[in-house]
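Student: I am new to this structure and would like to take a close look at a single part of it. Please walk me through that part slowly.

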Amino acid sequence: MTRISNGLIALSCIAFATMPGINQAQAQGIGNSGTITGTVKDPSGAVVKGATVEIQNKVTGYDKTATTDETGTFKFLGVPQNSYHSVVAAPGFQSHIEDVDVRTAVPVTLTIALTLGLSETSVDVHADTDLLESVATAHVDVDSSQFEKLPNSSIASGLNSVIAHSAPGIVEDSNGFIHPQGDHAQTQFVFDNQPITDQQSKQFSTSMPENAIASVEVITGAPPAEYGEKTSLVINAITKSGLGVDKSFGSMTSNYGSFGTAAGSVTFGHGGKHWGEFVSANTVRSGRYLDPPEFASIHNVGNNETLFNRVDFQPNERDTFHLNLFLARAWFQTPNTYEQQAAGQDQRERILSYNIAPSWVRVLNANSTIAVNPYFRQDQVRYHPSRNPLADQPASVSQSRRLTNTGVKADYSYSNKYNNFKAGTQLQHTFLSERFSLGITDPNFVADSESPGLAPFDLTRGGKFFRFSDHTDIKQYAFYIQDSLTVKGLNIQAGLRGDVYRGLVGGQALEPRLGASYLYKPTGTVVRISYSRFYETPYNEGLLVSSSTGTGGLATNVFGAFAAKPLSPGTRNQYNVGMQQSLGRHIVADVGYFWKYTTNGYDFDTLFNTPIAFPIEWRKSKIDGAAARIVLTEIKGISAYTVLGHTRARFFGPENGGLVFNSPLNTAVFRIDHDQALEQTTNVRYQKKKNGPWASFTWKYDSGGVVGRVPDLDSAYGLTGDQQAAIGFHCGPVFASLGTPITSCPGGNASALRVVIPAAGTQNDDSNPSRVAPRHMFDLAVGDDNLFHTDRVRYRLQLTAINLTNKEGLYNFLSTFSGTHFVSPRSYTAEFGIVW
């Protein structure tokens, strides 16, 4: 351990010590965004004032314009790392076309010499290979202009819904939850270089609102060494800024829709050459806040408020200071089943979230920068039971937990014609505090001979509440060094990361990363291959309770039994291969395959249908699958994309941790609930004129995740009438309903509409498990971004319809890992806004 830490510290110190000396500095981006700056001159060398400079990426939708000032200079801040086309135009000069690569926070500086002649009114600069990107990391970039028009069927889900619609290989779950490429929740968010590896779905925390985000990079394979812990999906988001703007900008929107859903938002940005501020305030209230366990929404009111403020200050050309402030509150009811509603259950949750993240970036010279990002964030969660404990079914539960992160990330970046080098460190201290109670209230829930751990807490048999209270802190240290070498069409990425974890248990690991890609221009083809090793740490939410229960959870063990052991960090070896292929001038396809081999694979044990979940670990997991994305760039107003995924997720027992499991646990090998043969999302959009009328159509198909609770018909017969109705269980024309379950089917033609039950004698947890039935979902949105054709102030109108066919479908059913949740019924939303 000491040798690993000392070696990594030495590598970082060498990198910082060998920084080139400081020369004339330039403006810089924040975090992992970039900066493009430059000067436009005429043939004599005199600067050109008032020239128009445009940078764009047709695949991502990024398109920005700037005008040169009195000194002939222009500047683009907060540019996502990608490849861009730049077009410079000025009266009396020929248009200048140049490709620009942004791969680092080090500023890109251009000197553009215009040629005398007539400027073209329209310039087409795209060749077949312009759509390709030769990098070893598989990623998707999405600009705010694209995700603002995507449908959202889950209230207050932040970026999760955007990612599920845009990135390949993601299984969408209830409440905006996403399963990236076979994993349950191995997702890391990075906001302006602040890493967040704790859960950001709305039942755990409150994420950044979409209208505060300028652009998003989604890394789906081979992340560089600077990213650790949760790496199946890295969501690198750049927030909006007022730095460098010459006119204030903003928006005011309000909408109303089905289930009494009402929302309002205000954004405002202003600034100047040396400072800027951006503010985003949002509120929403809905009668279908969470995805419920019934197709109807019962006891499901919730509201959410967020406030985001970004302040930038650039006192000189070398230094930029930046501060992100975020405050959020959420309150919501836990949706009831019909049976729980009849019993009078009234469980609720409140979440408070805070985030403070300052940063400093200094340009050392034309090739190098340093960045320092301290941060503080906290989630406070309180879950309240009903006033009458016996009204809660099948248990009365309460929770009060607090999760606090403090830390700092610092790195040095160096860039030249061939290399993009980065070395850095991250130090983090996490404080956990948990209080939890549980009492069984259903007299039929506990069988003493099968669940000895729950018998002492059966309130119907004289038991008492199970009560837990504890706190701890977790210290983590990471060091990384990485380089990306590009020579013509060849790109080689190499990196090394070291992680040290000091929590309930301790551990450390070295993690090499290596990848390569090659662009073959004659055929418009990019091939890539990579190997990555990761050190994965347990989820922090509910970690203390779960680490105290042992194999099989609380239901199997008497609490405090000798078998109880803390959840431990795990390791993963991952292999990725892929290719990009341009198909003409407007279509690009990206396909890839991945293999993941993990020791200590993590998931969550969800308590009944509540938002309360506890991390659990399995001995190992083997996951492999394919992911693909096909993009049609804009042709006469039409653009489209399709994302697809196929995942095999095999987990191996025994299991450790958790409390009460909704389905029996397989101690051998089984397919976990986010194993799915095929998921796909297709979006087609038409908008002939920028800021004009538009239409967007989305088709989503899911072949169905695994259902562990109904392996055969006998298991289905044992469900309650309400549970059978949820899966559409029937015997011929007779359907189960609340209070009238089907206990046998003499004709032998029992089946279910929303769950596929294997034929008798064919079920196998690994090769042929029961699954959620396949479903097709269709969404439609139409709007106009400039209703009255005004210039400075625009008026927007948008109408959205979710689930056009009113498909009754399940995300999951009695899942240990998710509970029971239905997809949204057909719903409508009307939105009106003002943009300036």
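Student: In what order do the three strands of the open sheet lie, and what is the pairing?

Tutor: Keeping in mind that this is a predicted model, we can begin with the order of the open sheet, in which the three strands are arranged as E4-E1-E7, with mixed pairing. The edges are held by strand E4, covering residues 73-79, and by strand E7, covering 108-113, each of which pairs on one side only. If direction is ignored, neighbouring strands of this sheet are turned by 15° against each other on average. Looking at one of these pairings in detail, strand E1, made of residues 34-41, runs parallel to E7, and six bridges join the two; Lys41, for instance, has Ala113 in E7 as its bridge partner.

Met579 counts as partly exposed because its relative accessibility is 31%, and partly exposed covers what lies between buried, under 20%, and exposed, over 50%.

Key
Residues are numbered from 1 along each chain as its sequence is written. This is a predicted model: local features need pLDDT of at least 70, side-chain atom pairs count only at pLDDT 80 or more; totals for chains, interfaces and linings use all residues. Side-chain values use heavy atoms; hydrogens and water are left out. Two strands pair if DSSP finds at least two bridges between them. Helices (H or I, at least four residues) and strands (E, at least two) are DSSP runs, numbered from the N terminus. Axes are lines fitted to C-alpha atoms, for helices over the stretch in contact, and angles run from 0 to 180 degrees between N-to-C directions. Buried means under 20% relative accessible area, exposed over 50%, partly exposed in between (1.4 Å probe, protein chains only).
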